[in-house]
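Hello,

Here is the structure I promised to hand over. Please load it before reading on.

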Amino acid sequence: MLIPVAGHPHPRGVALSRQQQPNPSAAPVQKLRLRYAKRGRLRFTSHRDIARTFERALRRAGVPMAYSQGFNPHPKVSWVGAAPTGVASEAEYVEVSVVDPVDPEALRTALDAVLPPGLDVLEVVQSAGGALPERIEASAWRVELPGVSPEELTEAVAALMASESVQVERLTKDGKKIVDVRPAIVSAEVGAPADAHSSDAGHDARDLSQPCGILMTVVRQTTPTVRPDDVLSALRVVADLVPPVPAKATRMAQGRLDDEGGLVDPLALDRAAEV
Amino acid sequence: MPVGTPVTLVDVSVESVFPALEPLLPRVSKPVQYVGGELNATVKDWDAAAVRWALMYPDAYEVGLPNQGVMILYEVLNEQPDVLAERTYAVWPDLERLMREHGVPQFTVDSHRPVGAFDLLGVSFATELGYTNLLNALDLAGIPIHAADRTDDHPIVVAGGHAAFNPEPISPFVDAAVLGDGEEAVLEITDLVRAWKAEGRPGGRDEILTRLAETGGVYVPRFYDVEYLPDGRIQRVVPNRERVPYRVFKRTTMDLDAWPYPKQPLVPLAESVHERMSVEIFRGCTRGCRFCQAGMITRPVRERSIEGIGAMVQRGLEATGFEEVGLLSLSSADHSEIAEITKGLADRYEGTNTSLSLPSTRVDAFNIDLANELSRNGRRSGLTFAPEGGSERLRRVINKMVSEDDLIRTVSAAFSAGWRQVKLYFMCGLPTETDDDVLQIAEMAKNVIRAGREVSGRKDIRCTISIGGFVPKPHTPFQWAAQCDPDTVDDRLKKLRDAVNSDRALGRNIGMRYHDGKPSLIEGLLSRGDRRIGRVIERVWREGGRFDGWSEHFSYDRWVRAAEAELTPLGVDLAWFTTREREELEVLPWDHLDSGLDKEWLWADWQDALDEREQDDCRWTPCFDCGVCPAMGTDIEVGPTGRTLLPISPVGKGSPVRNPTLTKG
């Protein structure tokens with residue numbers, strides 16, 4: 001799914017009939033693909049918050065951005081999916097177009113330096129063509145459930161995977177909606193205790209005295225989207241599992257599913273073309 | 001919701017409350033507003049600070065964060081090596097409920113420290129409708145809402161902002177108020193508090209408040225007694241101790257170039273009401289619009305120089321990444337070098353998608369060259385003007401001397417240069433106003449559409465008229481006026497709506513935005529109220545009043561009920577404070593608070609208003625003796641300097657910043 005640049009509160013598209021087009025922008029010469037993480041308290045940002053923050057960071061870093069034409073030009077930035085508000089991620093993707101060629105690693109360093117801690121640029125590659133969204137069909141999620149014991153969680157996950165269909169209710173802006181979660185779930189298992197320290201640990205204050213079950217699950221990107229919240233709802237439906245405090249979910253990876261149920265790095269092709 | 005039951009602090013230390021707050025955040029709307037982490041926010045070591053300020057804007061984060069006043073004080077204070085300042089905002093009812101349930105106190109967004117642990121709590125009131133939010137924040141912080149109940153362990157609560165020019169309605173709740181510019185005042189207060197703490201806090205709270213009061217620039221309400229006449233009017237206001245002056249003076253920062261703040265404007269992660277960077281290009285206004293409290297209390301005019309503005313814009317763009325720069329003031333096109341400033345900035349940022357905006361512009365100071373410079377390098381914002389009064393007669397009463405011809409000429413030029421839309425601001429309920437004055441707003445809007453269609457040859461011209469209720473404010477010539485009652489305002493707005501719609505061919509291109517007159521009446525009660533209004537505010541808050549500036553939270557009936565319950569026993573009422581015209585010699589609740597304006601001049605200007613006589617601007621005509629400059633030892637500070645902005649070479653492509661390290665080498 002390609003989301004057009006969000007984050008412009010002002011209405012657009014007024015009065016395009018002047019004799020000449022204003023703000024002629026140079027043509028893009030290069031497209032870059034970025035993987036970034038959303039960590040710690042930054043997980044409470046919405047996609048629109050991130051889009052605004054990102055565009056401002058690009059300007060502060062002095063990135064020679066390509067802009068659209070017209071009275072309300074916007075920088076050419078394309079977002080690929082977006083983790084929901086409240087969910088952390090180690091694998092978010094965005095593409096930017098520039099009017100002067102830039103060095104991907106220099107861009108990564110410069111952009112990361114001006115983004116707030118917790119919004120971290122992990123990798124930048126030059127696009128080798130093709131459509132990035134087509135290289136993404138599933139996400140791997142890691143969900144921390146403080147106060148839920150690994151045993152309790154193991155039982156619930158087994159019940160979930162044994163079911164062919166699990167209907168959950170979801171609140172949307174159009175009211176309540178019933179979604180079958182089970183077909184989207186490729187795999188689900190309980191993470192080893194060694195996984196109990198997430199990459200988020202440095203950002204969060206956590207109570208280590210209580211048990212914490214870790215759910216590792218790979219979920220296909222379907223319509224309607226099945227989010228980590230929905231997987232937790234499914235655990236409630238099949239096993240009455242209700243976490244005593246809000247769970248913390250992190251997207252660990254995105255990509256196409258390979259034959260073993262793993263995910264193929266969506267930037268692999270671009271990286272291969274660079275060398 | 002149990003208000004008034006203080007939040008129990010499990011521990012009075014200054015540990016971050018974030019671990020307790022975080023589990024609540026997934027359960028509230030827009031949690032990002034509570035996490036802090038804004039670009040250019042400052043986090044300092046608590047233990048290393050000698051004086052600690054919590055700064056509050058008593059409204060939602062999205063409104064409070066862009067507030068220039070708070071941003072300036074935050075940076076000025078944090079620049080001091082031994083001073084720490086953090087920010088706090090009003091929390092929405094969904095989080096408030098959870099905070100009360102889980103014992104989480106009011107916190108700062110910078111380090112999530114409890115507000116009750118700071119030495120001072122500075123609250124900036126741009127509007128009186130934030131008063132209930134002050135009470136709620138104090139209560140959530142575990143600070144007694146009544147100043148009289150506070151001990152040496154509680155922060156000193158200081159009010160500032162324009163509403164602090166009459167702090168009497170909130171005098172039971174604040175320890176002190178500062179009138180006027182805050183940059184220098186906060187540092188002086190800090191010095192006094194630092195010294196008092198270093199001495200071991202001799203004399204406790206009473207002594208530090210006395211030391212603040214005796215400077216003559218900090219008002220401490222508890223040191224003044226108000227005596228009333230049998231009919232409810234004030235007899236006199238007198239100090240009740242020796243070291244305290246009879247009058248308290250406003251503060252004026254004269255050299256704006258010496259105070260180039262904010263240098264590092266805050267950029268929120270969350271969306272806010274102003275998605276741009278602002279540079280204040282001058283302070284004060286002497287146009288003399290009689291309804292305008294800001295113009296009266298911020299005199300004299302002090303311009304920032306063209307070079308000072310240029311430096312702030314560049315530094316701010318580098319620090320924020322904003323795509324729009326607002327050139328802020330009370331009437332931005334009146335800067336003596338506005339043409340050179342806008343051209344110079346547009347030249348500098350050619351090709352970087354950086355647009356400029358002038359949030360307040362007068363029709364008579366505006367021209368199309370200016371408009372073109374503003375949109376040259378970026379987005380084209382709409383055109384907005386504020387004739388304020390519908391008829392020429394009414395505009396003479398309010399001294400807003402812009403003619404309809406000026407307006408039509410300006411919008412015609414804009415429409416022929418490609419603009420399609422104009423917004424016009426008016427007020428309803430002005431002194432001497434009749435139905436006919438208001439109905440002429442419709443005629444003006446129709447004439448704008450006619451002119452636009454004619455010069456552009458197009459049908460898709462739009463004009464939006466936006467109408468606010470007039471509220472008489474302290475320290476203005478209208479401080480004696482009777483406020484118009486809400487029924488009359490509503491009736492006039494309905495007639496105006498009908499007049500706009502009477503001609504469908506024109507009316508369908510005219511949008512109309514307004515609120516009913518009720519919130520204005522309550523704003524009027526709070527604006528011109530005295531100490532007796534404190535009880536009304538408290539009752540409204542106890543009955544659930546919050547966020548009174550938001551129509552979905554404001555309850556007129558709750559205010560009316562509270563006013564009736566609290567004021568009737570005192571022999572006064574809501575109408576007495578609002579729709580009653582005052583006489584020349586009545587002691588007004590704010591007479592002992594000196595804005596520099598001579599009360600006799602204000603009265604004479606009020607009489608001129610009633611006689612429909614206009615008053616010139618002292619920037620271009622001789623002084624008319626409003627009293628401010630001699631009383632405050634100030635003078636107008638305006639250009640032109642004759643200097644220009646030198647180009648910055650080179651700026652980046654597609655960004656105002658150039659970064660050579662990015663290019664492939």
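Below are the conventions, then the findings.

This is a predicted model: local features need pLDDT of at least 70, side-chain atom pairs count only at pLDDT 80 or more, and totals for chains, interfaces and linings use all residues. Residues are numbered from 1 along each chain as its sequence is written, with chains lettered from A and ligands numbered from 1 in the order in which they are written.

**Chain A**

Chain A holds 5 helices and 12 strands (DSSP runs, H or I of at least four residues for helices, E of at least two for strands, numbered from the N terminus). Of its 275 residues, 47% are buried (20 or more other C-beta atoms within 10 Å of the residue's own; exposed is 12 or fewer, partly exposed in between; C-beta atoms are placed from the backbone). Take contacts in chain A between residues at least 6 apart in sequence: 80% of them join residues at least 24 apart (contact is C-beta atoms, placed from the backbone, within 7 Å).

Strand β2(A), residues 30-38, has 7 of its 9 residues buried. It runs antiparallel to β4(A), residues 88-98, with 8 bridges (strands pair if DSSP finds at least two bridges between them). There, A:Y36 has A:E92 as its bridge partner. β2(A) also pairs with β5(A), residues 119-126, antiparallel over 7 bridges. A:K38 sits opposite A:L119 in that pairing.

**Cores**

The largest nonpolar core has 193 residues (buried Ala, Val, Leu, Ile, Met, Phe, Trp, Tyr and Cys joined through C-beta atoms within 7 Å). B:L73 and B:V158 are among those with the most contacts inside it. Leaving out residues up to four places away in sequence, B:L73 touches B:L55, B:A85, B:G122, B:G182 and B:V186. Another core, of 76 residues, lies apart and includes A:A37 and A:V238.

**Chain B**

An open sheet of 4 strands runs β15-β16-β17-β18, paired in parallel. Its edges are β15(B), 383-388, and β18(B), 510-514. Neighbouring strands are turned by 20° on average, direction ignored (axes are lines fitted to C-alpha atoms, for helices over the stretch in contact; angles run from 0 to 180 degrees between N-to-C directions). β15(B) and β16(B), residues 421-428, share 4 bridges, and B:F385 stands opposite B:L424. Helix α14(B), residues 435-456, packs on this sheet, at about 160° to β17(B).

Helix α18(B), residues 533-542, is largely enclosed by the rest of the structure, because 7 of its 10 residues are buried. B:W541 is one of them. Its cover includes α5, α17 and α19 of chain B. Just after α18(B), B:G544 has a positive phi of about 110°.

Best wishes

Definitions and conventions. Contact = placed C-beta atoms within 7 Å.
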